[in-house]
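Dear colleague,

Please find below the structure that I am handing over to you, together with its sequence. My findings follow directly after it.

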Amino acid sequence: MSHQIHKNTKCRNFLKGVALVFLLLLGWYPQRAHAQSAKEYNINDIFEALAQKGNGTGHIELSQPDDIKRLVGSTTQKQTSHGEGRGESTRTARSQQGYRIQAYTGNLAKSKQEAYRRAKIINAANPTLGCYVTYKSPFWRLSVGDFKTKEEAQKAMQELKRSIPDIAPELYIVQDNIRVIN
């Protein structure tokens, strides 16, 4: 009887090994097939990938302006500014590492409203500084400005402290991705 149990254990172990090899091959094959098809079709962007036709796939038809195609995946942004007497100008912005002034952080029920309220106050006091209200769970944040150097951010923070003393204790400098206008 112990010989029979030993034989059954060997058989089970062999079948487990065969099943494992089969599962590994099954998982590897679709990835290899997908990689080959992407190379084979020379796909450059998401629009081309979605438009590809193949056996066993559905059909997706996208209709959008060429401007949208160019912007998808782009890290630059268009910014239109309206100023008194300056007319309208269109400039491009790119992102880079820099500094901002953290003017508010909160995670209470009314934190969103408070962040926007303070942004309005800061914009009224210094309209040249950009205000950015963001939410990253669980915090609402208000960041101010786009500064390439910490010294620029410190100088602007001192000006904000002088012009709006009520928020002065909460202001501090943070490193962040900033928008640089070209």
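P138 sits in the loop between β3 (131-136) and β4. The peptide bond that leads from S137 to P138 is cis, with omega near 5°. Please bear in mind throughout that this is a predicted model.

On the aromatic side chains, a search of the whole structure returns one aromatic pair. Its members are Y135 and W140, whose ring centres are 4.8 Å apart and whose planes stand at 45°, so the pair is classed as tilted.

With a relative accessible area of 6%, S143 is buried. Leaving aside residues up to four places away in sequence, S143 touches R100, I101 and Q102, and also G130, C131 and Y132.

Two of these contacts of S143, R100 and Y132, are themselves arranged around one another: R100 lies over the face of Y132, at 3.7 Å from the ring centre. What else does the side chain of R100 meet in a salt bridge? The partner is D176, with an N to O distance of 3.5 Å. This pair joins distant parts of the chain, since R100 belongs to strand β2 (residues 87-106) and D176 to strand β5 (residues 172-181), 76 residues apart. R100 is buried, with a relative accessible area of 7%, whereas D176 is partly exposed, at 27%.

In total, the structure holds five salt bridges. Which residues are linked in a network of salt bridges? They are E114, R117, R118 and E170. Two of the links can be described as follows.

- E114 and R118 form a salt bridge in which the closest N and O atoms are 2.6 Å apart. Both residues lie in helix α4 (residues 111-125), and because they are four residues apart there, about one helical turn separates them.
- R118 and E170 form a salt bridge in which the closest N and O atoms are 3.1 Å apart. This pair again links distant parts of the chain: R118 is in helix α4 and E170 is in the loop between α5 and β5, 52 residues apart.

R118 therefore takes part in a bridge to E114 and in a bridge to E170, and R118 counts as buried at 11% relative accessibility, a value under the 20% limit. E170, at 33% relative accessibility, counts as partly exposed.

Turning to the fold as a whole, the protein has five helices and five strands. Along the sequence they follow the pattern α-α-α-β-β-α-β-β-α-β. Among the contacts with a separation of 6 or more, 58% are between residues 24 or more positions apart. Of the 182 residues, 21% count as buried. The protein exposes about 14000 Å², of which carbon and sulfur atoms supply 54%.

The mean pLDDT of the protein is 76, and 62% of the residues reach 70 or more. Where is confidence highest, and where is it lowest? It is highest in helix α5 (residues 150-163), at 96, and lowest in strand β1 (residues 77-83), at a mean of 39. Over residues 74-88 the pLDDT is below 50, although this stretch has 26 contacts in the model beyond near neighbours in sequence. Over residues 32-39 the pLDDT likewise stays under 50, and there the model has one contact beyond four places in sequence. Where pLDDT is low, the predicted coordinates should not be read in detail.

Yours sincerely

Note on methods: Residues are numbered from 1 along each chain as its sequence is written. This is a predicted model: local features need pLDDT of at least 70, side-chain atom pairs count only at pLDDT 80 or more; totals for chains, interfaces and linings use all residues. Side-chain values use heavy atoms; hydrogens and water are left out. pLDDT is the predictor's confidence in each residue, from 0 to 100. Helices (H or I, at least four residues) and strands (E, at least two) are DSSP runs, numbered from the N terminus. Contact means heavy atoms within 4.5 Å. Buried means under 20% relative accessible area, exposed over 50%, partly exposed in between (1.4 Å probe, protein chains only). Accessible areas come from the Shrake-Rupley method with a 1.4 Å probe; for residues, only the protein chains shown count as cover. A salt bridge is a side-chain nitrogen of Lys or Arg within 4 Å of a carboxyl oxygen of Asp or Glu. Rings of Phe, Tyr and Trp (its six-membered ring) pair if their centres lie within 6.5 Å; planes under 30 degrees apart count as stacked, over 60 as edge-to-face and the rest as tilted. A charge sits over a ring if NZ of Lys or CZ of Arg is within 6 Å of the ring centre and within 35 degrees of the ring normal.
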